[in-house]
Amino acid sequence: MGVDVLSWRLILCSLLVLLFAKDSSARKMTHTRWREVSDDDTNGLQHNREPDLQQLSKDDHLLTRHSRGGGDHRNHEHGHLSSHMNHMDPSDKIFFTIKDLQVGKTLPIYFYYRDPSTSPHLISREEANSIPFSLAELPYLLEFFSLSKESPQAKAMEYTLTQCELELMEGETKFCATSLESMLDFAQATFGSETQVKALTTNHLRKPVVPIQNYTIVEEPREILVPKVIGCHTMPYPYAVYYCHSQEGGNRLYEISLGGENGDRVQAIGVCHMDTSQWDPENPSFRVLKIKPGTAPVCHVFPADNIVWVPLLS
């Protein structure tokens, strides 16, 4: 059965409440002069400060982990944006093996919290369509957003536009969504026009006290049995942009209940990529897990601001 008008409205309303309940101006687009920061500013987003794209670029880990070697330059671009990050970046602590999915297992996991009131917001399809979204239009966009071409924000915008224009990997479907409506359209096109869809997110029962800590799996992980999954990852940009992609086969989705050592509780969405044979050998997941491409599944949790789309099965 297809998604009727009422169902679409319910999905739209539910997602907007879920993602931006704390900000009543989430859908307003303004010509804000974004704060420019130096490359050594690592304080991130703070109260009453304008959104800092440099911080967002530091935490874009899931996308770059799925690139192949050879001519693909995703990791090079990410390294340029985050050259201050050391080899053992704590934010790489999102990976684990499928054997770790058992009650009582303790894992160090990185969850970066972004304050919705200071993060880029979703805009309407009409507003998004009125603004160019192309690497070729970057000079115009920097002028539009009042950014200098040497600023960290400009570098982050260039990175996002580059990622969105890269060629597809074999068996991959991808789309950079610049509005909630376009994201829903992509999900519907991927799963089939007559398929109802559902959005899943990682939920923190309270704001994390620290970005990384040891979490214990407190309940038996529940596998979400679906034939296809779309992962939508936030990208650094003046307004909310999601890099959405789906790989044919080889993914297993889980709902994982985690208890932190300082009392934090998280209902996390995790995915296990069963076939990593085409992944870049320099992918940090292999270093973290001490494995090689194609030898074992790689699993990771989704940050709270990512969205996972699945088809609703009858």
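Does Phe144 count as buried or exposed? And please tell me what surrounds that part of the chain.

Author: Happy to! Phe144 counts as buried, because its relative accessibility is 17% (buried means under 20% relative accessible area, exposed over 50%, partly exposed in between, with a 1.4 Å probe and protein chains only). Two notes on the basis: this is a predicted model, where local features need pLDDT of at least 70, side-chain atom pairs count only at pLDDT 80 or more, and totals for chains, interfaces and linings use all residues. Residues are numbered from 1 along each chain as its sequence is written, and side-chain values use heavy atoms, leaving out hydrogens and water.

Now the rings. The structure holds eight aromatic pairs (rings of Phe, Tyr and Trp, the last by its six-membered ring, with centres within 6.5 Å; planes under 30 degrees apart are stacked, over 60 edge-to-face, the rest tilted). One of them joins Tyr140 and Phe144, tilted at 35° with 6.0 Å between centres. Both residues sit in helix H5 (residues 138-144), four residues apart, about one turn of the helix (helices, H or I with at least four residues, and strands, E with at least two, are DSSP runs numbered from the N terminus). An α-helix has 3.6 residues a turn, so residues three or four places apart point the same way. Tyr140 is partly exposed at 39% relative accessible area.

Phe145 and Tyr239 form another tilted pair, 6.4 Å centre to centre and 45° between planes. Phe145 is in the loop between H5 and helix H6 (152-165), and Tyr239 in the loop between strands E8 (230-235) and E9 (241-247), so this pair ties together parts 94 residues apart in sequence. Both of these residues, Phe145 and Tyr239, are buried. Ring pairs link Phe133, Tyr140, Phe144, Phe145, Tyr237 and Tyr239 into a cluster.

Strands E8 and E9 belong to an open, antiparallel sheet of five strands, ordered E3-E9-E8-E13-E4 (two strands pair if DSSP finds at least two bridges between them). E3 and E9 pair over six bridges, and Ala177 stands opposite Tyr242 in E9. H6 packs on this sheet, touching E3, E8 and E9, with its direction at about 145° to that of E3 (contact means heavy atoms within 4.5 Å; axes are lines fitted to C-alpha atoms, for helices over the stretch in contact, and angles run from 0 to 180 degrees between N-to-C directions). Eleven of the 14 residues of H6 are buried, so this helix is largely enclosed by the rest of the structure; among them are Met157, Tyr159 and Leu161.
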